[in-house]
Amino acid sequence: MSENTQQTGWLSAGRVLVIALVAVILVLGVILVVMAVSESDAVSGGTEKVNALANSDNECVDCHERNTPGIIQQYGHSTMAAADVMCEDCHEVEEGYPGSVEHEGTYVLNSPTSAMCQDCHTQEVREFEASRHGLPAYVAYNGTAGMTEDQMAEFGAIPEGSYAPDKSRNDIYAIEGEAVTRFACEVCHNVGKPAPDGSTGQCQKCHLRHDFSLEQARKPETCNQCHIGPDHPQWEIYQESPHGIAYMTMGHDWNWEAEPGTLTVEDIPAATCAVCHMSGFGETATTHDVGERLTWYLFAPISERRPAWESNKVRMQGVCLECHNDNFIDAFYTDGDLLVEHINAWVVESNEVVQPLKDNGLLTAEPFDEPIDFIYFDLWHHWGRTAKFGAWMQGPDYTQWHGAYELLRNMAELKEITNERLEDAGLLEEAEADAGEDS
Ligand code: HEC
Ligand code: HEC
Ligand code: HEC
Ligand code: HEC
Ligand code: HEC
Ligand code: HEC
Ligand code: HEC
Ligand code: HEC
């Protein structure tokens, strides 16, 4: 073997090595690129919506692109923009339309009403108007003062709304006054406030403008704006329920954008607020009437059955049965009903405890001016309700420590205060004798 051939041998071995190295680098590079591309696909779900308004020559869009680019961005990515629904469809009205303002040679509503949505979403609006998210939510703080004949008829036609239609509303509203309630009661209860054009409610409380995203409306956080706090802690209860845990640990993978009416357990494998109360799910039809699947008036001090409770029950159980079996759900309802009756009995008892104070004029006539008024109110308004909600929506801590336990504590305080007052008035023995006769 000559030196020459030896050299060529080394050389070609070196070349092979370099080529191999280059090849490895190239392959690695390609793999990295592929990974990066597929990752960005995963982030966008592979179906990133394009901005449908990007090349629009609509004059509202053209000018608002400069003045309020955020609105164009949000709306541009909505399903409605892709379906050619434009700014004018929701905002533009004829001259003199109630609540309108003159704008760029036409008339617009700053806050489109449900009458605007109704042109295209008749059924959703009708169902919404038949629910407690409609006028009953508004009447809850305002009463029926100022409502038109048509609105009274709409209100009267809601079976759930005519439940104690003009009872004295929460006295706290008047006591606190407008300066406070405008940031409190009204923010939540205006979901059903009538608009200047006479139509009902604010769809945008759940369908945040201008995305109008199904994912956003369907997620339970949307409901927690209002269904939260000591008197209706549905959100807190949900968080500690197995359904809520499934949502919080695995919900990021679920198919939130499934076409309305096609949703099944394949898209959303554990229950959410919307799945149980609103969504079309499996065999059950979508509804914007949130009372349509309920059997009790749980929010009431003493719960009664709803007018159509039997068919409502079939609808709610239809949802449960997509994931649970018959016996499990039947047994659950039997136990839930028993709990409601048990809480009812305690609230009846608390009424009996304070009755002698009422009979003997030992309570002031003013509402909420002495601690006993608050104790008596909290007993059912916070703890009684919470115990019931906790049981029906799988929140054991709420049924127990924020519910039944607090209720019993308030009951003991009521008894103590009542006895003290009766004793001070020299009426204790008489009252005890009366109670003995009654039982
Ligand atoms: C030539 C520009 C221009 C055009 C065209 C235009 N707007 Fe505006 N619009 C504005 C500006 C500027 C504002 C005020 C923004 C602000 O105050 O931040 C505004 C405000 C609004 C408001 C809120 C009004 C208020 O009083 O708060 C609405 C609703 C609105 N525009 C809708 C529309 C609609 C619908 C169209 C198409 C029919 C349209 N605009 C066309 C520039 C325009
Ligand atoms: C599907 C109905 C709908 C469409 C379409 C729509 N809007 Fe709106 N818009 C609303 C609702 C609902 C509100 C919120 C009112 C409220 O909360 O009081 C609103 C509020 C506004 C406001 C005032 C409040 C703010 O955030 O500044 C402006 C300005 C506005 N829209 C502009 C537009 C423009 C421009 C377009 C078209 C690109 C458009 N809107 C398309 C329903 C719509
Ligand atoms: C001019 C007709 C029109 C008006 C007015 C209108 N919509 Fe729509 N909306 C549509 C159409 C069409 C779709 C269906 C888009 C699709 O599924 O392709 C839709 C879909 C929706 C969706 C489902 C979005 C999705 O991703 O599937 C919501 C929520 C919605 N609209 C809310 C509203 C609200 C709230 C109003 C009033 C403030 C309103 N719409 C006014 C025509 C309209
Ligand atoms: C955080 C939102 C929120 C605030 C703030 C709020 N509520 Fe409510 N309210 C609700 C919800 C949600 C219900 C439904 C409870 C249920 O059915 O479980 C309700 C139920 C009621 C009811 C019983 C139902 C009825 O129509 O008879 C009345 C009355 C009521 N609220 C009045 C008020 C008053 C008055 C205030 C202010 C002092 C107020 N609420 C503050 C969300 C709120
Ligand atoms: C309490 C919250 C809430 C309110 C208020 C509300 N929606 Fe919805 N909406 C939802 C949810 C949740 C869905 C998704 C239902 C599903 O899973 O298919 C939805 C879906 C829709 C859709 C898609 C088609 C369908 O029926 O599923 C339209 C259109 C719609 N809403 C219109 C409206 C209109 C118009 C109003 C006012 C009258 C309104 N919504 C008020 C929660 C709400
Ligand atoms: C802006 C506040 C608000 C939001 C957001 C909201 N609700 Fe409500 N909801 C209320 C109020 C207020 C009531 C009680 C109305 C009354 O006083 O009669 C209520 C009542 C209900 C009821 C009882 C209905 C009945 O017939 O007794 C159900 C169920 C309900 N809401 C479910 C939901 C679900 C599910 C969501 C989310 C998709 C949701 N709500 C979002 C304010 C809201
Ligand atoms: C597993 C299904 C399920 C889930 C998830 C669920 N609920 Fe419920 N909810 C129920 C049942 C069942 C009842 C009691 C029904 C009855 O009266 O027969 C109920 C009762 C209610 C009530 C009481 C209405 C009254 O009579 O006062 C409200 C309000 C409510 N739910 C809102 C919500 C909200 C908000 C969420 C999410 C944070 C939620 N629910 C999650 C099944 C569910
Ligand atoms: C989309 C599916 C789905 C729907 C709909 C659904 N659930 Fe569930 N449920 C689940 C899952 C998942 C669990 C967690 C199971 C576990 O603990 O292993 C669960 C757990 C429960 C539990 C707790 C069981 C335990 O071991 O503590 C109860 C009670 C329950 N569900 C009742 C209901 C009721 C009542 C309804 C209808 C109002 C309902 N569920 C609707 C999926 C669902």
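A: Let's start with what counts as a polar contact: a pair of N or O atoms within 3.5 Å, where within protein one atom must be able to donate a hydrogen and the other to accept it, and residues adjacent in sequence count only if both atoms are side-chain atoms. Bear in mind that this is a predicted model, where local features need pLDDT of at least 70 and side-chain atom pairs count only at pLDDT 80 or more, while totals for chains, interfaces and linings use all residues. Residues are numbered from 1 along each chain as written, chains are lettered from A and ligands numbered from 1 in the order written, and side-chain values use heavy atoms, with hydrogens and water left out.

Now to ligand 8. It has 16 residues around it (a residue is near if one of its heavy atoms lies within 4 Å), and His243, Val319, Cys320, Cys323 and His324 come nearest. The shell is made up of 13 nonpolar and three polar residues, with no charged ones (nonpolar means Ala, Val, Leu, Ile, Met, Phe, Trp, Tyr, Cys and Pro; charged means Asp, Glu, Lys and Arg; the others, Gly among them, are polar).

Which helices each supply at least two residues of that shell? They are helix 15 (242–250), helix 17 (309–320) and helix 18, helices being DSSP runs of H or I with at least four residues, numbered from the N terminus.

At its start, a side-chain oxygen of Asn325 reaches to within 2.9 Å of the backbone nitrogen of Asn327. The helix covers residues 326–359, and its 34 residues should span 50 Å at 1.5 Å a residue; the end C-alpha atoms are 49 Å apart, so the two agree (the expected span is 1.5 Å times one less than the number of residues). Along the way helix 18 bends by about 30° at Val353, with Pro356 following within four residues; the bend is the angle between axes fitted to the seven residues ending there and the seven starting there. Just after the helix, Gly361 takes a positive phi of about 65°.

23 residues surround it, and Arg132, His133, Cys223, Cys226 and His227 are the closest. Its shell holds twelve nonpolar, seven polar and four charged residues. The side chain of Arg132 brings an N or O atom to 2.3 Å from an oxygen atom of ligand 6, and a polar side-chain atom of Arg306 lies 2.7 Å from an oxygen atom of the ligand. His133 has a side-chain N or O atom 2.8 Å from a nitrogen atom of ligand 6. Helix 8, helix 12 (185–189) and helix 16 (273–277) each supply at least two residues to this shell, and helix 8 gives the most, with three.

Helix 8 (residues 135–142) also carries Tyr138 and Tyr141, three residues apart, about one turn of the helix.
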